Amino acid sequence: MSPMTSLPILPSDLIQEIISWLPVKPLVRFTCVSKHWKSLIFDPTFAKLHLQRSPKHTHTLLHLIEVDVINKTETWVVAPQSVHRLLENPSSTIVNEDKCHRYTNDDFYPIGSANGLVCLIGDKSIHGGNRELCCRFWNPSLRLRSENSPALYNIHSDVIVHLGFGYDDSGDKYKLVAVFWDHTVEKWEGRVHCMGDSCWRKTLACPDFPTLLRTLGGPYVNGSVNWLALNNLNCHEYGWENVTIEQVVIFSLDLQKETCKHMLLPDGLGEKPEYEPALAVLRGCMCLYYDHMKTHFVLWVMREFGVQESWTRLVNLSYVHLEWDFVPDIPLFPVCLSENGDVLILACSESCGEVIMYNQRDDKVEHIQVLDTQIWQADDHMKSLVLPRPHPH
């Protein structure tokens with residue numbers, strides 16, 4: 001080939017096919033090559049194709065508290081971390097300044113993650129003893145955030161607002177759901193905000209809500225957001241000591257149809273836990289975890305979403321074996337699970353940065369110190385090219 005002979009140019013559709021299999025990090029770098037490459041990679045159609053071909057359950061979104069021992073200060077941080085890295089070496093966890101979100105008690109805090117987008121909630125007091133909620137959408141991989149959404153006004157200051165964030169595949173919409181007790185009508189109300197909309201609207205297809213337990217965030221699984229709830233109890237206050245285990249259900253809101261259903265807890269749950277159980281998501285599966293008799297940490301996984309018979313008890317670990325002192329109202333919670341399901345990382349929000357790694361294969365327990373941080377919460381997360389704003393349909 002002579003020096004003057006031009007190299008062949010690949011067709012655009014073939015280029016898209018090839019690069020759709022690449023990780024997010026090099027693709028973000030390619031956007032600096034030219035306007036054409038930037039337009040191609042940030043095109044919504046390409047972002048959806050890349051999302052379909054991206055490995056799932058590779059990251060977890062950690063909610064951390066950084067502790068400055070010298071200045072005696074604490075900073076809230078939200079940071080995506082590789083599950084592989086956490087499992088291989090949890091003590092090496094380093095918060096990347098460019099890909100994390102820092103906040104104070106008066107700032108935006110995270111409520112959930114879907115397809116690489118994180119929903120951040122702003123909650124501030126207004127006149128008359130009420131408050132207002134708004135949200136932002138954030139893609140840590142792209143280091144992009146949206147502007148504030150329209151606010152949800154006039155929520156009573158003493159009311160717990162239960163929030164859930166997820167993706168409606170049929171409408172290609174990212175939705176935030178708010179469920180709360182409305183003092184003016186003395187009933188539970190639901191509102192939905194779609195990313196890019198100019199308002200919040202009622203979930204008219206789901207007129208009746210059960211009493212939700214006190215956990216704020218509803219995990220996103222299989223196109224739905226989910227909370228633990230008390231069936232046949234229409235009030236905003238309850239005493240856990242007066243609840244029976246038969247009353248506790250999973251309240252699931254389908255984001256596509258905006259309809260609701262109840263799912264039962266595992267048949268083998270036995271007696272009611274002394275402290276309220278909670279939901280989590282591990283490798284795309286719904287999980288239920290709780291303390292049993294102040295002696296054991298129990299974790300169930302629903303292998304097939306919505307199928308009662310698919311509940312499987314993953315672990316039933318004694319605190320003696322875990323070498324952990326039980327403290328009421330400060331439970332252990334799951335952080336992540338290995339791909340083969342053998343290794344589980346547990347944490348406690350008051351454990352001064354220590355995590356517990358449990359290997360089911362050899363029944364081995366290891367305590368590991370995470371540098372200068374306390375893990376407060378963890379959510380399933382993935383890297384993506386999804387922009388934190390809607391695109392024209």
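Modeller: Glu258 counts as buried because its relative accessibility is 9%; buried means under 20% relative accessible area, exposed means over 50%, and partly exposed lies in between, using a 1.4 Å probe and protein chains only. Before going on, please keep in mind that this is a predicted model, in which local features need pLDDT of at least 70 and side-chain atom pairs count only at pLDDT 80 or more, while totals for chains, interfaces and linings use all residues. Residues are numbered from 1 along each chain as its sequence is written, and side-chain values use heavy atoms, leaving out hydrogens and water.

The partner of Glu258 is Lys175: the two form a salt bridge, with their closest N and O atoms 3.0 Å apart. (A salt bridge here is a side-chain nitrogen of Lys or Arg within 4 Å of a carboxyl oxygen of Asp or Glu.) Glu258 sits in the loop between β17 (248-254) and β18 (260-263), whereas Lys175 belongs to strand β10, so this pair ties together parts that are 83 residues apart in sequence. Lys175 is also buried, because its relative accessibility is 5%. Strands are DSSP runs of E with at least two residues, and helices are runs of H or I with at least four, both numbered from the N terminus.

β10 is mostly covered, with nine of its ten residues buried. This strand belongs to an open sheet of five strands, ordered β12-β11-β10-β9-β14, with mixed pairing. At the edges are β12 (201-202) and β14 (217-218), each pairing on one side only. Two strands count as paired if DSSP finds at least two bridges between them.

On one side, strand β9 (residues 162-168) runs antiparallel to β10 (residues 173-182), and seven bridges join them. Tyr167 stands opposite Tyr174 of β10, while His162 has Val179 as its bridge partner there. The hairpin of β9 and β10 has four residues between the strands, and Asp172 takes a positive phi near 50° in it.

β10 is also joined to strand β11 (residues 187-194), by eight bridges, and these two run antiparallel as well. Here Phe180 stands opposite Glu189 in β11. Four residues lie between β10 and β11 in their hairpin, where Glu186 in the turn has a positive phi of about 55°.

To set our pair in context, the structure holds ten salt bridges. One of them joins Glu276 to Arg214, with the closest N and O atoms 2.5 Å apart. It links distant parts of the chain, 62 residues apart: Glu276 is in the loop between β18 and β19 (278-282), and Arg214 in the loop between β13 (211-212) and β14. Another forms between Glu274 and Lys294, where the closest N and O atoms are 3.7 Å apart. Glu274 counts as partly exposed at 46% relative accessibility, and so does Lys294 at 39%. Coming back to where we started, salt bridges that share partners join Asp168, Lys175, Arg201 and Glu258 into one network.
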